[in-house]
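I begin with the ligand and then turn to the strands, the helices and a few backbone details.

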Amino acid sequence: MTKVYLNKKISRRIENGHPWVFGNEVEKVEGDTAGGATVEVLTHDKKFMGRGYINMQSQIAVRLLTRDRNEVIDEAFFYNRLQEAWKYRQQLGYIDNCRLVFGEADFLPGLIIDKFSDYFVLQTLALGMDRWKPAIVDALQRIFQPKGIYERNDVPVRELEGLPQQKGFLSAPFDTQLIIRENGLQMYVDVENGQKTGYFLDQHDNRRAIQHIVKGADVLGAFCYTGSFETHAGFYGAKSVLGLDISENAVAQARRNAELNGLSGVCRYEAVNAFDALKQWSKDGRQYDVVMLDPPAFTKSRETIQKAVAGYKEINLRGMKLVKKGGFLVTSSCTNLVQPELFLETIHLAAKDARRRLRQVTFQAQASDHPIVPGWENTNYLKFLIVQVL
Ligand code: SAH
């Protein structure tokens, strides 16, 4: 097997368990590296670090799959890892929908699998993982006998790995407009044309967290996508809900979701730029009992963190101004590049500028089907905060 030797003078990150080996941490490579080959990683003095897959074209040269000298990377390895991933979710009470595989956190870097009842949506985001797609599909077939499997590999990160963007069926074709159940509601999930895998399962518990504060409330939800939070607000007894998203498709789907749950009279949607709307409406003096913000990741690279922080501050400041005294702001951030402390600090700065006092109601991360591994920053990405705005 190909051997990768690490530089002598690197931090102990890999030795301490982190699964990534950056290109500049590699001293030398002995053997074949083509096609995402399986490699053995050793320290400069030949201590075994683990086995993983290599891509010298990527910034992350090797991603480790196992630390166990006796574990072989073959079809059975993927079958076993998927079984373990499913066992963990079952232990936590997941039956129907869940993120079945959350990349590094399931010791399967570069692999995402979402389970929507009997249907599975898969992403292989690195060359060395893409190679094992047939084995992964086979394991899914054997464990779940699913009604369908769909590939959402139409994501730009694949190009950094030299992989094409593509999407399509990995099983017999099926109707890609699914209906899932969540917290007692029904939601349409478009696995073919929806964002990412079609639905943001990570906010599953957080959607329930708004239950009491929206009762009888006038609610504004910005960056609503298919209206998951907004439909929940309606379901939990909001008086009125207005959802905003820049995507016409998302808004159309959000309206269908309202209808599906008998909430068309409560939940309304507009396709607008939320930045403009928040700015204008806070100037106009509009007031809501609850304002919810769930913007996309404002940054994907370390270089633009400051810009992202400015974006979060801006929308949260506007959002707070739109909240009646004693009302609530529900605010999220989904990039790991803004870690929880920085997010909280940004919200506090926004409150200072808005001249509002805050009381923290709850501060949460993503649901437990997206476990966080301490020290692996990219697994700690979702911040969900509810504050009372005084
Ligand atoms: N709350 C949603 C997820 C939101 S994802 C849920 O729980 O399912 C972020 C959304 O922001 C996307 O739907 C995207 O279309 C939208 N978006 C991005 N830029 C925007 C803008 N400037 N104004 C309004 N919506 C925007």
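**Notes on the ligand site and the fold around it**

1. In this predicted model, a polar atom in the side chain of Gln195 is placed 2.9 Å from an oxygen atom of the ligand. On the nitrogen side, the side chain of Asp294 brings an N or O atom to 2.7 Å from a nitrogen atom of the ligand. The ligand has 580 Å² of accessible area on its own, and the protein covers 90% of it.

2. Which elements give two or more residues to the shell around the ligand? They are helix H6 (228–235) and helix H8 (274–284). The shell has 17 residues, of which Arg207, Ser228, Asp245, Ala274 and Asp294 come nearest to the ligand. Sorted by class, this shell consists of 10 nonpolar, four polar and three charged residues.

3. Helix H6 deserves a separate look, since seven of its eight residues are buried, so the helix is largely enclosed by the rest of the structure. The buried residues are Ser228, Phe229, Glu230, Thr231, His232, Ala233 and Gly234, and Ser228 is also among the residues that come nearest to the ligand. Just after H6, the backbone at Gly237 takes a positive phi of about 100°.

4. Strand E9 (residues 119–124) is likewise enclosed: six of its six residues are buried, so the rest of the structure largely surrounds the strand. Tyr119, Val121 and Gln123 point one way from E9, while Phe120, Leu122 and Thr124 point the other way, and all of them are buried.

5. How do the neighbours of E9 run, parallel or antiparallel? With E8, the pairing is antiparallel and extends over six bridges, and Leu111 has Thr124 of E9 as its bridge partner. With strand E10 (residues 148–153), E9 runs parallel and is joined by four bridges, and here Leu122 stands opposite Glu151 in E10. The hairpin of E8 and E9 has two residues between the strands, and in that hairpin Ser117 takes a positive phi near 55°.

6. A further sheet to examine is an open one of six strands, with the order E2-E6-E5-E4-E1-E3 and mixed pairing. Strand E2 (20–22) and strand E3 (26–30) stand at its edges with a single partner strand each, so one side of each has no neighbour in the sheet. From one strand to the next, the twist averages 35°. Within this sheet, strand E4 (residues 38–42) and strand E5 (residues 48–54) pair in the antiparallel sense over five bridges, with Glu40 opposite Arg51 in E5.

7. Arg355 is exposed, with a relative accessible area of 76%.

8. Finally, Ile179 has its place in strand E12 (residues 177–182), and at 41% relative accessibility it counts as partly exposed. Ile179 and Leu201 are 22 residues apart along the chain, and their C-alpha atoms are separated by 14 Å.

Conventions: Residues numbered from 1 in each chain as written. Predicted model: local features only at pLDDT ≥ 70, side-chain atom pairs only at ≥ 80, totals over all residues. Heavy atoms only, no water. Near = heavy atom within 4 Å. Polar contact = N/O pair within 3.5 Å; in protein donor to acceptor, adjacent residues only side chain to side chain. Areas by Shrake-Rupley, 256 points an atom, 1.4 Å probe, with all protein chains shown as cover. Nonpolar A, V, L, I, M, F, W, Y, C, P; charged D, E, K, R; others polar. Buried < 20%, exposed > 50% of the residue type's maximum accessible area, 1.4 Å probe, protein only. Pairing = 2+ DSSP bridges. Axes fitted to C-alpha atoms, helices over the stretch in contact; angles between N-to-C directions.
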